[in-house]
Amino acid sequence: SEDFLIITKRLTSAKQLSVKQIDNNYANNFVLHHHYLKRKIYIAKNVSYGLFFEDQCIGVCMFGYPVWREYPGLVPPMQSSEVPELIRLCTLACSPRNGESYFVGRCLKLLANDWFKETGVKPKAVTSLCDLAYGFNGYIYKATNFKLLRITKGRATNAGGTHGKWKTNTDETIVTGK
């Protein structure tokens, strides 16, 4: 669209961006329209942030209770409320160089207080999963100092499918990393 072209021409640096907490419904609608899975998040407790250029939201980052209850070797034994998961990261193509790492870094700084307000618990760690099947390589996590703990085969995610429609995981888990 014309607005997108205007933003792309004027947005040249991550220094032009701002991050603020946003309503989860707004974040879910952004994800529904712009994320490759085309699926909303259905997690009871979550905290969402928007990436803004002037008054335009050009990205969303959502944290919530992890989708796992127990993942041996993934994190030390902790309550799920202590380990929010970065469950959706979605930015428009007009995001400048280093825009996503700036966005995730700012979100992680804001998350400690905002997660406590939402859950009453200070986070001890943040986890996320990278979908290698869709060509993602985890560089954003490396750029924001996440540590790779393990790689799994995972399950096919059925992009565009309704909530909970996952293929059965029949592959073995491959454990790597530190």
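This is a predicted model: local features need pLDDT of at least 70, side-chain atom pairs count only at pLDDT 80 or more; totals for chains, interfaces and linings use all residues.

The chain has four helices and five strands, and along the sequence they follow the pattern α-β-α-β-β-β-α-β-α. Of the 178 residues, 37% count as buried. The accessible surface comes to about 11,000 Å², with 51% of it belonging to carbon and sulfur atoms. Among contacts with a separation of 6 or more, 67% are between residues 24 or more positions apart.

Now to the helix itself. Helix α3 covers residues 99-119, which makes 21 residues. At 1.5 Å a residue it should span 30 Å, and its end C-alpha atoms are 28 Å apart, so the two values agree. The helix also has a kink of about 45°, centred on Leu-111.

Which residues of α3 are buried? They are Gly-99, Phe-103, Val-104, Cys-107, Leu-111, Asp-114, Trp-115 and Thr-119. The spacing in that list is worth a thought: an α-helix has 3.6 residues a turn, so residues three or four places apart point the same way. As for partners, the buried residues of α3 pack against the strands β1 (17-22), β2 (46-53), β3 (56-64) and β4 (85-91), and against helix α4 (139-143).

Those contacts lead to the nonpolar interior. In soluble globular proteins, nonpolar side chains tend to be buried together. Here the largest nonpolar core has 21 residues, and Tyr-49 and Phe-103 have the most contacts inside it. At least two residues of this core come from each of β1, β2, β3, β4, α3 and α4, with α3 giving the most, five residues. A second, separate core of 12 residues includes Phe-30, Val-31, Val-60 and Cys-90.

Thr-91 counts as buried because its relative accessibility is 18%, below the 20% limit. Leaving aside residues up to four places away in sequence, Thr-91 touches Leu-51, Ile-58, Gly-59, Glu-100 and Phe-103. Thr-91 and Val-31 are 60 residues apart in sequence, with 9.3 Å between their C-alpha atoms.

Between β4 and α3 runs a loop that holds Ser-95. Ser-95 is buried, with a relative accessible area of 17%. With residues up to four places away set aside, Ser-95 touches Leu-11, Leu-51, Ile-58 and Glu-100. Asn-98 lies in that loop between β4 and α3 too, but Asn-98 is exposed, with a relative accessible area of 51%.

The backbone around here deserves a look as well. Most residues other than glycine have a negative phi. Asn-98 has a positive phi of about 70° although it is not a glycine. Glu-54, in the loop between β2 and β3, is another non-glycine residue with a positive value, its phi being near 55°. Just after α3, Gly-120 takes a positive phi of about 80°.

Within α3 you will also find Phe-116. Is Phe-116 buried, exposed or partly exposed? At 40% relative accessibility, Phe-116 counts as partly exposed, since that value falls between the two limits. Beyond residues up to four places away in sequence, Phe-116 touches Leu-111, Val-121 and Lys-122.

Finally, a word on the cysteines. A disulfide is a covalent bond between the sulfur atoms of two cysteines. A search of the whole structure finds zero disulfides.

Key. Residues are numbered from 1 along each chain as its sequence is written. Side-chain values use heavy atoms; hydrogens and water are left out. The expected span of a helix is 1.5 Å times one less than its number of residues. The bend at a residue is the angle between axes fitted to the seven residues ending there and the seven starting there. Buried means under 20% relative accessible area, exposed over 50%, partly exposed in between (1.4 Å probe, protein chains only). Contact means heavy atoms within 4.5 Å. A disulfide is a pair of cysteine sulfur atoms within 2.5 Å. A nonpolar core is a set of buried Ala, Val, Leu, Ile, Met, Phe, Trp, Tyr and Cys residues joined through side-chain atoms within 4.5 Å. Accessible areas come from the Shrake-Rupley method with a 1.4 Å probe; for residues, only the protein chains shown count as cover.
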